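The entries follow in the order in which I looked things up.

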Amino acid sequence: MITAKIQGLLFLLFLILLWQVLYILGTGVFKWWKPYALPSPRGVLLSLQKLIQNGTLIHATTCSIRRALSGFFLALLIGSVFGLIISASSFFKRNLKPLFTGIQSLPSICWVPFAILWFGLGEASILFVIVIGSVFSVSLAIENAIQTIPPIYLKAARTMGASRIQLYTSVIIPAALPGFLAGLKQSWSFSWRALMSGEVISAYVGLGYTLMAGRDMADINQVTAVMLVIIAVGMIVDKLVFSNLERHVLKKRGLA
Amino acid sequence: MPLEIKNVSRLFEGSKKETLKNISFTVNDGEFICIAGPSGCGKSTLLNIIAGLDRPTGGKLCLNGTEITGPGADRVVMFQEHALYPWLNVIENVKFGMKLAGLSKNEQEARAERYLKMVRLWDFRNYRIHEISGGMRQRTALARSLCLDSPLLLMDEPFSALDKQTINKLRSDLECIWEETGKTVLFVTHSVEEAVFLADRIVVLSDHPGCVKEIFSVDLPRPRVIDSAEFLAIRHKILSCVEREVEKVAEKEYDYR
Ligand SMILES: Nc1ncnc2c1ncn2[C@@H]1O[C@H](COP(=O)(O)OP(=O)(O)OP(=O)(O)O)[C@@H](O)[C@H]1O
Ligand SMILES: [Mg+2]
């Protein structure tokens, strides 16, 4: 366990070293790139330090996480309703599910024009982009989780006299939980990505905005620094919230 | 509550021959019926149809005069696979059906205790399903289906994963419960000995298509003694009937090669 962690750390260190070497070769020795077009580990670190010291980074990160979480929970609510509808009716399964799968593949940036037209520039439009960017994924996660419940669970409950509602509350929902949690991880990453699309366009604070500010100042190091923070936050939420939840549920059922 | 099975057939999509063909027999109130036959002859399929989980493609079934169109708590099934819920522990699984039926907490507790003690799992009541053995799972499922006290009990090889001693004990327990409650039991089994021990009548199915080959009445007094001469005689008679079927299956499979 500990050696695995050290290994991971060493690998990361190696990547950074490789990056530094490439930077020196690319901008100094061979002059493939202009120095301002390629971020360097040192530059990114300095940029990070600056952003932390002037408070921008903390503020932007908390702001972005707050938005992403509220959007995600809204999507969870709406998506669950649609997911249950799709899995309950063969008509919607046939007609709505392929549509949802199609819309899900649409990059969320495509929704930004609508968001601005309908909600103006500001929080509401960002929320809209997050919700629309992940709601279909939540629906499909629910549908898929219900679809993969072993039929014997339902048969047993029906022979014990379960009504349709009891079937949902006592069997379908608890049985679908592990599959649903696995699907939610993906929905979360969709939310997080959609948030960036939203913030790049219409925010005055947030990680997406800070990234764009870096672009406007032609500061490639700041752009990279923010990108790394975006990756880190996405991963941390995934690990801290979803992986832990999933492991807990699986362990309780002897599946992990 | 007589169960009438009239000309029931089942043809699965994609297969040429019917799995069940023209099955007809009547199960009288309070009768203990065993169904025997070679593996794959359609015993589970028939039980599923009686449970209302599957529909026959021909013929019909009536329980108490009304046609069976769906599952219900008057026909609890103990499945061949255990069908317990991994998110519940042993006693919660046993109470599952009683909860659905809206029984009082005290009643649930009392019945769960009685049947869990009967299957000797009371000490394991707080274990999760993945923490108990295959045989213990079967016993939990047995307790769960008995708790519901349904007038018709459908059991699909309920004792197949258990050791001889446990089987013997549970057989007598089941016989006691059956005599006490007067319920009707349909019991699928591989073991002819088990069928002769338990059944009032034994329905032997033939394979491909699954038809009723013969119905034997067992008139021995209860509790039956497995090594008595009468027991062995009737066991021998039925065994040769079943074995002829099994041999037929084996020959057919040999021909394919
Ligand atoms: N859903 C299904 N679709 C197609 N064929 C099926 C289906 N269910 C069962 N069968 C076929 O019907 C036949 C009978 O199956 P069934 O499970 O009823 O046998 P069984 O008598 O209970 O056997 P065993 O003693 O091994 O449990 C088998 O040949 C099986 O392949
Ligand atoms: Mg079977």
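**Entry 1: chain B, secondary structure and dimensions.** I am working with a predicted model. I began with chain B and found seven helices and ten strands in it. I then took the extent of the C-alpha trace of chain B along its principal axes, which comes to about 55 × 45 × 40 Å. Next I asked what radius of gyration chain B has. The value is 18 Å, and I note that it agrees with the rule for a compact globule, because a globule of 257 residues would be near 18 Å.

**Entry 2: chain B, burial, contacts and surface.** I looked up how much of chain B is buried: 53% of its 257 residues. I also checked the contacts in chain B with a separation of 6 or more, and 67% of these are between residues 24 or more positions apart. For the surface, I noted that chain B exposes about 11500 Å². Carbon and sulfur atoms supply 49% of that area.

**Entry 3: chain B, charges.** I counted 35 positive and 37 negative charges in chain B.

**Entry 4: chain B, domains.** Across the boundary, I find 15 residues of domain 1 of chain B in contact with 13 residues of domain 2 of chain B.

**Entry 5: chain A, domains.** I turned to chain A and looked up its division, which gives domain 1 as 1-38 and domain 2 as 40-252. The C-alpha centres of domain 1 and domain 2 of chain A are 31 Å apart. How many residues of each domain of chain A are in contact with the other? I have seven from domain 1 of chain A and six from domain 2 of chain A.

**Entry 6: Leu45(A).** Leu45(A) sits in helix 2 of chain A, which runs over residues 41-53. Is Leu45(A) buried or exposed? I put Leu45(A) down as exposed, because its relative accessible area is 60% and the cut-off for exposed is over 50%. I also checked Leu45(A) against Thr224(A): they are 179 residues apart in sequence, and their C-alpha atoms are 9.7 Å apart in space.

Technical notes:
Residues numbered from 1 in each chain as written. Chains lettered and ligands numbered in written order. Predicted model: local features only at pLDDT ≥ 70, side-chain atom pairs only at ≥ 80, totals over all residues. Heavy atoms only, no water. Helix = DSSP H or I, 4+ residues; strand = E, 2+ residues; numbered from the N terminus. Rg over C-alpha atoms; globule rule 2.2 N^0.38 Å. Buried < 20%, exposed > 50% of the residue type's maximum accessible area, 1.4 Å probe, protein only. Contact = heavy atoms within 4.5 Å. Areas by Shrake-Rupley, 256 points an atom, 1.4 Å probe, with all protein chains shown as cover. Lys, Arg positive; Asp, Glu negative; His and termini not counted. Charge placed at Lys NZ, Arg CZ, Asp CG, Glu CD. Domains from an automatic or database assignment.
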